[in-house]
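Trainee: Please take me through one part of this model slowly: the place where the two chains meet, and what lies behind it. I'd like the picture built up piece by piece.

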Amino acid sequence: MSSVLEVRHLSKRFAGSRKTPAKEVLADVSFQVGEGEFVTLIGPSGSGKTTLFRMIGGLELPTEGDISIDGANAVGTRGHIAYMPQQASLMPWLTVSANIELSLTIAGIGKREARALARDWLARVGLEATAHQYPDVLSGGMQQRVSFLRALLSPQKLMCLDEPFSALDALTRQHMQAWLLSLWESNRRSVLFVTHSIEEALLLSDRILVLSAAPASIIREVRVPFPRPRSEALWGDAEFIRLKQELYDMLRPDPTL
Amino acid sequence: MGSKRARLLPPLIVTAAFLLLWQAAVWLFGTDAYILPSPSAIAKQAYDSAPQLAHHMWGTLRITLIGFGAGALLGFLIAALLHVIPWVKSGFYPLLVLSQNVPIMAIGPLLVLWFGFGMLPRVILIALVTFFPVAVAMMTGLSKSDGRLFEYMRMIGASPSRLFWRLELPGAMPHLFSGLKIAASYSVISAIYAEAIGSDSGLGYFILIAQHGFETVKVFAAIAVIVLLSLALFGVIALAERLFVRGGSPRGKEGSRS
Ligand SMILES: Nc1ncnc2c1ncn2[C@@H]1O[C@H](COP(=O)(O)OP(=O)(O)OP(=O)(O)O)[C@@H](O)[C@H]1O
Ligand SMILES: [Mg+2]
């Protein structure tokens, strides 16, 4: 399997200033994401997951190590990823459809094709009624659907999703997981996903990488064994519950601290 | 539509009450018309001098629009330039502020001296006064774009020009329009001033002549026309704002007392 993202011996250290001490955020992180693979990073808050995304996106330079996307060196270069941030981040002055079109044209798709794609897919996922509405009339869940659709339709090979559901209430979050799962399973893309929710990670991923507290390194890799297509029924599965407990124990803060 | 009428009512009542009070005071104290004419006398004068006033109003309107247009465009370009090239901002911003500290009373006659009695010195004067609020408001708007949207756009690889046209500029539109509204009021006032120092037409010139003849009623009639002109310009800009600033921006985002 060829890998879409390859991260090799990545380290990141923020130089300190007079007020803040230097901080080592990532220490020797290596992993890869295969073609059509869903990989989840899970780790304590502040362990450097967003920083890792910013390096993959080219906004931040690693102190050491390499990143390659689709075989090409991607350190410090932008535009190689589709991105779904924690908050929907839709332009309030553009309609839902125009928001999707904007991201697609930035990714290099022609205007007309972008419009056709946006309209077609909004209809396909039952959001055609929102196409001409402005984002602020949409619920948080709806906004995140649009945000996900926008990333899914972007032509880049790698999708990076940074805690996309953490701002949603529990019920909406479950609906969104099921929705994303079905959409992704019928349109496989390479995904790097960040979450704090163990259930979410187990439900969605092919592999889970567990990060330690800062300076973060990968302390475990869990291959999620459940066959696809999956459904929320997994939540009651005995193996699911066992893995959940195992991950939970791994992420428990060190009692000696 | 009912709510619109309800919004128009308070200012109308206040204005009417003010005019009535004025009328009553003039009548009660028997004030001479050359000191303070009554609103009814002003209205009658305005009616009698309507052709003259209309002629001068067109002159004023013309240079106001040209000067305002030039100033707004200049302000827009300066803001964009200063925003896009940071070192230009640090270098030129103090100069911009300084330009507003030169009294127009000093610069006005100089402009006439340099550029003659044509339209040019008047347009330059108006533009000089109006570009500033537009530039400052727009620069504030440009530098205040939403951090999350900015991060998102950079993550998906938006180029600096895309960032400007698709994020920073649309985000700055509400600021730009506040600047334009202030500039609109300034432009009318500075047009009047410019006409008083180097022109043979326009409401400023009309006022000057009326003052020399102690025709205070005529001065007030001209003031009334100027006020209406300012209101109209303001209204046109507010209308443009409603048309161009779409989606989300004002509605419900900021808190409101009512
Ligand atoms: N530009 C910066 N300069 C200095 N320190 C930084 C900078 N950016 C991030 N950090 C620090 O790096 C650490 C990791 O931050 P990061 O946002 O990557 O964590 P995270 O894993 O995404 O956390 P969370 O799960 O809460 O989102 C934090 O302690 C943060 O203070
Ligand atoms: Mg984060």
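**Where the chains meet**

Mentor: Chain A and chain B bury about 2300 Å² between them, and carbon and sulfur atoms give 60% of that (buried area is the accessible area, 1.4 Å probe, that two parts lose on being put together, summed over both). Keep in mind that this is a predicted model: local features need pLDDT of at least 70 and side-chain atom pairs count only at pLDDT 80 or more, while totals for chains, interfaces and linings use all residues; side-chain values use heavy atoms, without hydrogens and water. Residues are numbered from 1 along each chain as written, with chains lettered from A and ligands numbered from 1 in the order written.

On chain A, 25 residues are in contact with 20 residues of chain B (contact means heavy atoms within 4.5 Å). The rule finds 1 salt bridge across this interface (side-chain nitrogen of Lys or Arg within 4 Å of a carboxyl oxygen of Asp or Glu). That's Arg54(A) with Glu151(B), 2.5 Å from N to O. Helix 1 (49-56), strand 6 (81-84) and helix 2 (96-106) of chain A each give two or more residues to the side touching chain B (DSSP runs: H or I of at least four residues for helices, E of at least two for strands, numbered from the N terminus). Helix 2 of chain A has the largest share of that side, 4 residues.

Now look behind that, inside chain A. It is divided into domain 1 (3-80 + 158-251) and domain 2 (90-155), with bounds from an automatic or database assignment. Their centres, taken over C-alpha atoms, are 24 Å apart. The contact takes 12 residues from domain 1 of chain A and 13 from domain 2 of chain A. These two domains bury about 1100 Å² between them, 74% of it on carbon and sulfur atoms. On the domain 1 side, Trp179(A), Leu183(A) and Arg189(A) lose the most area to domain 2, together 43% of what that side buries. Here the rule finds 0 salt bridges. Helix 5 (170-186) and strand 7 (158-162) of chain A each supply at least two residues to the domain 1 side, and helix 5 has the largest share, 6 residues.

Phe148(A) touches Trp179(A) and Leu183(A), and its other partners include Met84(A) and Met159(A), leaving out residues up to four places away in sequence. Along with Ile208(A), Phe148(A) touches the most other members of the largest nonpolar core, which has 50 residues (buried Ala, Val, Leu, Ile, Met, Phe, Trp, Tyr and Cys joined through side-chain atoms within 4.5 Å; buried is under 20% relative accessible area, 1.4 Å probe, protein chains only).
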